[in-house]
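Good morning, everyone. Please bring up the sequence and the model side by side, and I shall take you through how the parts pack together.

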Amino acid sequence: MKYLDEYRDPALARRLLEELRRTATRPWRIMEVCGGQTHTLVRQGIDELLPAGMRMVHGPGCPVCVTPLETLDRAMAIAARPGVTLASFGDMLRVPGSDTDLLSLRARGADVRVVYSPMEAVRLAVLHPDREVVFLAVGFETTAPANAMAVLHASRLGLRNFSVLVSHVLVPPAMTALLDDPDCEVEAFLAAGHVCAVMGCSAYEPIAARYRVPVVVTGFEPLDLLEGILMTVRQLEAGRAEVENQYARAVRRDGNIAARSIVEHVFQVTDRTWRGIGPLPESGLGLRPEFAGYDAALRHEVEDLHPAEDPQCLAGSILTGAALPVDCPAYGTRCTPRHPLGAPMVSAEGTCAAFHAAGRTRSPL
């Protein structure tokens, strides 16, 4: 197939669903780790068309959603200071912190800029040498190469007014943490294609072997996901636990060697706290010591942070697949895309946002 509409062909979708119904003999539980995949599954109603009892478990695959509350509070404290310009992708601006969000802070006069590339933030630092420019660098392995390149470019330019507030997280440690939970019911994973386009498939092989769970790297279109689910069920039915690549048009086993090289040059693996989940060892990236001068957390120290989640928000349970958005008593009432209590309702990849956009409602009591 060459064109996008071919990946949305209804006749092919029906054939894949029919094959899936013929193949599945029991109600398997499969987790898609990527928030973009969640939105496709929910928007297209794929999760409701699967064989009876089969369940898609929506995982912690939204980078905005898992950015820890402390990082957001720190970013807002830094942005509120005179002489500071905080640059961020637009999807972070309405994510609620403990007391406010970046968009509200900008409305009160803070210099918060939306950029479409970390290189734009570097350019801001070049154009405004009298200001401290801080880029909020969040995301999974997907965005790490561009953020690493921005730091490397700033270093080569000798910029002293540019820094990054890093909150990068890694997918495999999160999968391992979920599987180590004795209450975990996930029997297989759909892995995010764009993450694997950078890191490759090989990092999942130890997980598949150790936990005996199939991992299928999958794209984001309806037919990608249906084929990925079918490949997963075939493994489960046959008792196999391997890493397979449905997204072969974009993913190679070893990923993008050049991108991985620059990430390893600038970043090192570190412990990281995930919002709604908690601290996970060796689950993130931080700047290497030789680039510590570009670490905003060190250059702009913030004290007396007291992160506080809204007690009604079930983001942690939703991010780990233990609950659905419609299980939350605040869903669609106190918590909406206009007035979110937690990140999963406001992020473009959040599970709550996907359910709300698709018109999913809570069952009447």
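Helix 7 (residues 144-157) and helix 12 (residues 257-266) pack with their axes 8 Å apart, at an angle of about 55°. Helices here are DSSP runs of H or I with at least four residues, strands are runs of E with at least two, and both are numbered from the N terminus. Axes are lines fitted to C-alpha atoms, for helices over the stretch in contact, and angles run from 0 to 180 degrees between N-to-C directions. Helix 7 and helix 12 are therefore oblique to each other; angles under 35 degrees count as roughly parallel, over 145 as roughly antiparallel, 65 to 115 as roughly perpendicular, and the rest as oblique. Their crossing is left-handed, a term for the near helix being turned anticlockwise from the far one by less than a right angle, with clockwise giving right-handed. In contact, meaning heavy atoms within 4.5 Å, are residues including Ala148 and Leu152 of helix 7 and Ile262 and Val266 of helix 12.

A word on provenance. This is a predicted model, in which local features need pLDDT of at least 70 and side-chain atom pairs count only at pLDDT 80 or more, while totals for chains, interfaces and linings use all residues. Residues are numbered from 1 along each chain as its sequence is written, and side-chain values use heavy atoms, leaving out hydrogens and water.

What of strand 11 (residues 278-287), buried or exposed? Seven of its ten residues are buried, so strand 11 is largely enclosed by the rest of the structure; buried means under 20% relative accessible area, exposed over 50%, and partly exposed in between, with a 1.4 Å probe and protein chains only. Strand 10 (residues 267-274) runs antiparallel to strand 11, joined by seven bridges, where pairing requires at least two DSSP bridges. Arginine 272 stands opposite leucine 280. Three residues lie between these strands in the hairpin, where glycine 276 takes a positive phi near 80°. Strand 6 (residues 162-169) also pairs with strand 11, antiparallel over two bridges, and valine 169 has glycine 284 as its bridge partner.
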